[in-house]
Amino acid sequence: MTGTDWAGWQQSWDRQQEWYMPDREERFRVMLDMVEALVGPKPRVLDLACGTGSITSRLLQRFPDATSTGVDLDPALLAIAEGSFAGDERVTFVTADLKDPTWVRSLPYDTYDAVLTATALHWLHSEPLTALYGQLAGLVRDGGVLMNADHMIDEATPRINAAERAHRHAAMDRAKGAGALDWAEWWAVAAADPVLAEPTARRFEIYGEHADGDAPSAGWHADTLRAAGFGEARPVWASPSDTLLLAVK
């Protein structure tokens with residue numbers, strides 16, 4: 001693999017993420033089902049904390065007339081995304097820090113039919129996430145949707161949580177024994193690539209090793225989104241460890 005094999009980098013990112021979430025594709029399918037159900041097959045989408053463009057890739061495969069704005073701060077993942085979608089006029093990428101209150105000024109549109117994000121906002125603590133939800137309520141058009149797929153932990157069920165985590169990690173250990181790359185190993189490969197080495201170094205200067213944010217419950221997310229101005233909010237898909245929460249403006 002070289003730094004210019006963008007399809008290869010996309011695939012390797014997907015495999016690494018699937019080591020943590022083997023039902024990741026099912027989650028994406030339900031997300032796009034709800035996009036189609038609520039805003040139709042030609043949506044203008046904000047792919048929030050887009051990473052390599054995993055959501056945008058699946059969005060355009062299913063809805064060729066969609067458009068997507070991908071927003072992220074990670075220079076390495078954005079390099080993969082920009083390389084993967086080079087020349088596709090349906091896709092725009094914006095480098096922005098979601099904790100910067102002015103980040104929305106960088107967007108090419110004032111409103112969106114859908115804001116979609118996955119496995120990203122747990123990097124934020126509850127206070128900046130609440131502020132972000134308020135900003136997103138201003139970007140989603142009336143009748144539009146916001147969907148956040150992420151780790152949402154219900155602290156009221158400690159025995160269930162512990163059993164689920166133990167079972168999940170046992171399966172991850174088996175997959176690791178079969179050659180799966182974890183997060184740290186994937187980034188080590190990226191750091192050794194001649195094209196991605198420099199943006200990977202910048203990425204770790206920005207973020208450090210990993211998230212120090214929160215993973216509040218699905219109920220917290222729903223309540224916070226309704227308080228921000230969304231009319232309805234609830235989970236539309238869940239695995240034992242992840243939730244896809246949908247809010248309608």
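A pocket, searched for on a 1 Å grid over the protein atoms alone, is an open set of points with protein on both sides within 12 Å along at least five of seven lines, and its lining residues have an atom within 4 Å of a point. The structure shown is a predicted model, in which local features need pLDDT of at least 70 and side-chain atom pairs count only at pLDDT 80 or more, while totals for chains, interfaces and linings use all residues. Residues are numbered from 1 along each chain as its sequence is written, and side-chain values use heavy atoms, with hydrogens and water left out.

**View 1. The second largest pocket.** This pocket has a volume of about 220 Å³, a volume being the space filled by probe spheres set on grid points that are joined across faces, edges and corners. Of its 15 lining residues, Tyr-20, Pro-22, Glu-164, Arg-168 and Ala-171 are the closest to its centre. Helix H1 (6-20) and H6 are the elements that give two or more residues to the lining, and H6 supplies the largest share, six residues.

View 2. Just after H6, Gly-179 takes a positive phi of about 110 degrees.

**View 3. The largest cavity.** A cavity is a set of points where a 1.4 Å probe fits but cannot get out, and the largest one has a volume of about 40 Å³. Its lining includes His-122, Asp-150, His-151, Asp-214 and His-221.

Definitions and conventions: Helix = DSSP H or I, 4+ residues; strand = E, 2+ residues; numbered from the N terminus.
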